Amino acid sequence: MAVHHLLRRWVSGGSPLHPLRGLLLASQELGWRQLSSAAAGEAAAEMRGAREDVKQLLKTTSCHPILVRLGWHDAGTYDKNIAEWPKCGGANGSLRFEIELKHGANAGLVNALKLIQPIKDKFSCVTYADLFQLASATAIEEAGGPKIPMIYGRVDVTAPEQCPPEGRLPAAGPPSPAEHLREVFYRMGLNDKEIVALSGAHTLGRARPERSGWGKPETKYTKDGPGAPGGQSWTSQWLKFDNSYFKDVRERRDQDLLVLPTDAVLFEDSSFKVYAEKYAEDQDAFFKDYAETHAKLSNLGAKFDPPKGISLE
């Protein structure tokens, strides 16, 4: 359909079509040319509305950890060695498709998709790729973490055939944890400091043995929720974002707190340990590095329209 036909449908009252969606459709047909400033402004307004609804969702469901994981696992399939989009993987909304949701590392993330689908339905012009990253960053901020310098305008893949192959996400208990972490995150273009900074997000959430094969069925910190009870958390206040993860992993004094092989190695590997010790002692330094790295992760493999993205600030 030509652009002028789309425009005609807006003004003639033919079939109802949201003006922003019309611009997005026109942009698709023209090879994703840059949105006009007016359309970009309206896109930002939709994103702000979605952000407010995510905040309300977090208040009512305490789903911060699973929303962080949703954004990470959509972006974390990126392979810097593949130039072609979307074969390179990354933050492109592919995680909404069943074939990718069934990857072993994504166990349970269908629940996150169900939580945010009403927001997607309400703000239909917001892409899944943007909504996943918006939800992840907002969850960090609402849990007391740093402000993440996010941009939006990510383009969605359109078919399950565009999903990345299984096996690109990190495992919890590989034979050589340091080597495994570097293999996975170096493939994304991240370095040792960024690996350790991102690991600090385990200050939020729990591992559930029925999903990951790791952790206790419940502990004194998780038996009463909030949310569905059970699982084993890395920290005692597992809905508060701070640097306690690094302190708890270093000290290992509480048997009710989880320490995976990929956590322990942060204080065993000489390069990782420099940053882990720093973050255990200096929360401000952790917050600064975490915010920068989270934003970097959220952009991996993303195709933006407009090309420079859209800021909500």
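This is a predicted model: local features need pLDDT of at least 70, side-chain atom pairs count only at pLDDT 80 or more; totals for chains, interfaces and linings use all residues.
Who makes the contact? From helix 11 you've got Phe 246, Lys 247 and Arg 250, and across from them, on helix 13, sit Ala 276, Glu 277, Tyr 279, Ala 280 and Glu 281.

How many salt bridges does the count come to? It comes to 20. One of them pairs Asp 130 with Arg 154, at 2.8 Å from N to O. Asp 130 belongs to helix 7 while Arg 154 is in the loop between helix 7 and helix 8, so this pair ties together parts 24 residues apart in sequence. Are those two residues buried or exposed? Both Asp 130 and Arg 154 are buried.

Now compare that with Lys 223 and Asp 224. They form a salt bridge too, with the closest N and O atoms 3.2 Å apart. Lys 223 is partly exposed at 39% relative accessible area, and Asp 224 is exposed at 64%. There's also a network here: salt bridges with shared partners join Arg 51, Glu 141, Lys 147 and Glu 313. Inside that group, Lys 147 meets Glu 141 at 3.7 Å, N to O, and Lys 147 counts as partly exposed because its relative accessibility is 48%.

Here's a residue I'd like you to look at: Asp 79, in the loop between helix 4 (64-75) and helix 5 (98-101). Asp 79 is buried, yet has no salt bridge. Setting aside neighbours within four places in sequence, Asp 79 is in contact with Cys 88, Arg 168 and Arg 187.

Since Cys 88 came up, a word on cysteines. Cys 88 is buried, at 4% relative accessibility, and Cys 125 is buried as well, at 11%. As for disulfides, the whole structure has zero.

Last stop: Glu 161, in the loop between helix 7 (128-142) and helix 8 (177-188). Glu 161 is exposed, with 66% relative accessible area.

Technical notes: Residues are numbered from 1 along each chain as its sequence is written. Side-chain values use heavy atoms; hydrogens and water are left out. Helices (H or I, at least four residues) and strands (E, at least two) are DSSP runs, numbered from the N terminus. Buried means under 20% relative accessible area, exposed over 50%, partly exposed in between (1.4 Å probe, protein chains only). Lys and Arg count as positive and Asp and Glu as negative; His and the chain ends are not counted. A salt bridge is a side-chain nitrogen of Lys or Arg within 4 Å of a carboxyl oxygen of Asp or Glu. Contact means heavy atoms within 4.5 Å. A disulfide is a pair of cysteine sulfur atoms within 2.5 Å.
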